[in-house]
Amino acid sequence: MYAAAVCVGALAWLMVGQDRGLRRARLLLAGGGGAVEAPPWRLWERVLPMVRLRREWLCLPASLFLAVLGDSVLPLIAGAAAVPLVRRWLRARERRREQERRAEGVVALCGAVAGELRAGLQPGQALLFAARSTEVLGGAAAAVLAAARFGGDVPQALREAAREPGAGGLAGVAACWRVAVDSGAGLAAGLDRLEAALRAERDQREDLRAQLAGAWSTVGLLALLPVVGLAMGWALGADPLRVLLHTPAGAVCLVIGGLLEAAGICWARRIVRSGEEA
């Protein structure tokens, strides 16, 4: 309970300090105008973005609850050790989502450029309009837009942008652009074929993901089995946390079970990942 009170006090102190900094910035940027106090009920508007950005820190309250419930400091240590692992997993998931969004943007870019070309625009102007509407070029957007605007090497700029994760389809756009410039072939027709190929590849990935949904459910069920076992122990009138955390046999079972659980989850994830990569 003391540890929970300390955590709550630290959170309140951080939020008050952040609010003071915001008020000071408003005073400086507004030329000394009066600061507007935020109403108390808008506290969650500041707390929720912090929770979304630091979701891995939610391991600490959960481990604190288990530590108080089991009268042991081991769950708190395990929760602190889980924070970097959860952070790594969340960042990897966010990177995968960003790659998927960028791949979708490449497909949209091909269709948008082809549509602008059929509307009568020049290739450079069509790329300018399409790139602004899709936002798929990432950090290489400035180089690509500058090359399209001022007559630079657009294929080279597109190949540079294709190095971003998930933007490999831009290399096909660069190839279509080079062929159209060198041989006078229709750029719109080439982009249509590239868009169809990228859409087929995306549909294939989605179909594979749907087929592997059952395997991922099995992995999640495997991860939840220890929690189900503890709940069944409580339902039968036992005290599994006290046995695991305060007896030598329970400590041995906890270590061996944790290692087997981690090995099983990693093995299952590797099997599913190998299927996705294939």
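Helix H10 (residues 213–235) and helix H12 (residues 248–277) pack with their axes 10 Å apart, at an angle of about 170°. Axes here are lines fitted to C-alpha atoms, for helices over the stretch in contact, and angles run from 0 to 180 degrees between N-to-C directions. That makes H10 roughly antiparallel to H12; the cut-offs are under 35 degrees for roughly parallel, over 145 for roughly antiparallel, 65 to 115 for roughly perpendicular, and oblique for the rest.

On the H10 side, the residues that meet H12 are Ala215, Trp216, Val219, Leu222, Ala223 and Pro226. H12 answers with Glu261, Gly264, Ile265, Ala268, Arg269, Val272, Arg273 and Glu276, where contact means heavy atoms within 4.5 Å. Sorted by class, that contact has 9 nonpolar, 1 polar and 4 charged residues. For the sorting, Ala, Val, Leu, Ile, Met, Phe, Trp, Tyr, Cys and Pro count as nonpolar, Asp, Glu, Lys and Arg as charged, and the others, Gly among them, as polar.

A word on the ground rules: this is a predicted model, in which local features need pLDDT of at least 70 and side-chain atom pairs count only at pLDDT 80 or more, while totals for chains, interfaces and linings use all residues. Residues are numbered from 1 along each chain as its sequence is written, and side-chain values use heavy atoms, with hydrogens and water left out.

**The overall picture**

The protein has 12 helices and 0 strands. Helices (H or I, at least four residues) and strands (E, at least two) are DSSP runs, numbered from the N terminus. Of the 278 residues, 25% are buried; buried means under 20% relative accessible area, exposed over 50%, and partly exposed in between, with a 1.4 Å probe and protein chains only. If you take contacts between residues at least 6 apart in sequence, 55% of them join residues at least 24 apart.

H6 and H7 have axes that come within 9 Å and cross at roughly 170°. That makes H6 roughly antiparallel to H7, and H6 passes H7 in a left-handed crossing. Ala143, Val144, Ala147 and Ala148 in H6 meet Val154, Ala157, Leu158 and Ala161 in H7. This contact comes out as 8 nonpolar, no polar and no charged residues.

**The core**

The largest nonpolar core has 31 residues, and those with the most contacts inside it are Val113, Leu127, Leu170 and Leu191. Such a core is a set of buried Ala, Val, Leu, Ile, Met, Phe, Trp, Tyr and Cys residues joined through side-chain atoms within 4.5 Å. Two or more residues each come from helix H4 (74–118), helix H5 (123–134), helix H6 (141–150), helix H7 (154–161), helix H8 (169–183) and helix H9 (187–211). The largest share, 7 residues, is from H4. In soluble globular proteins, nonpolar side chains tend to be buried together.

Ser63 lies in helix H3 (residues 59–70). Not counting residues up to four places away in sequence, Ser63 touches Pro75, Leu76 and Gly79. Ser63 is buried, with a relative accessible area of 4%.

Ala112 sits in helix H4 and counts as partly exposed at 23% relative accessibility. Asp239 is in the loop between H10 and helix H11 (240–246), and also counts as partly exposed, at 34% relative accessibility.

| Pair | Separation along the chain | C-alpha to C-alpha distance |
|---|---|---|
| Ser63 and Gly79 | 16 residues | 5.1 Å |
| Ala112 and Ala126 | 14 residues | 7.9 Å |
| Asp239 and Gly70 | 169 residues | 8.9 Å |

Key: Left-handed = near helix turned anticlockwise from the far one by under 90°.
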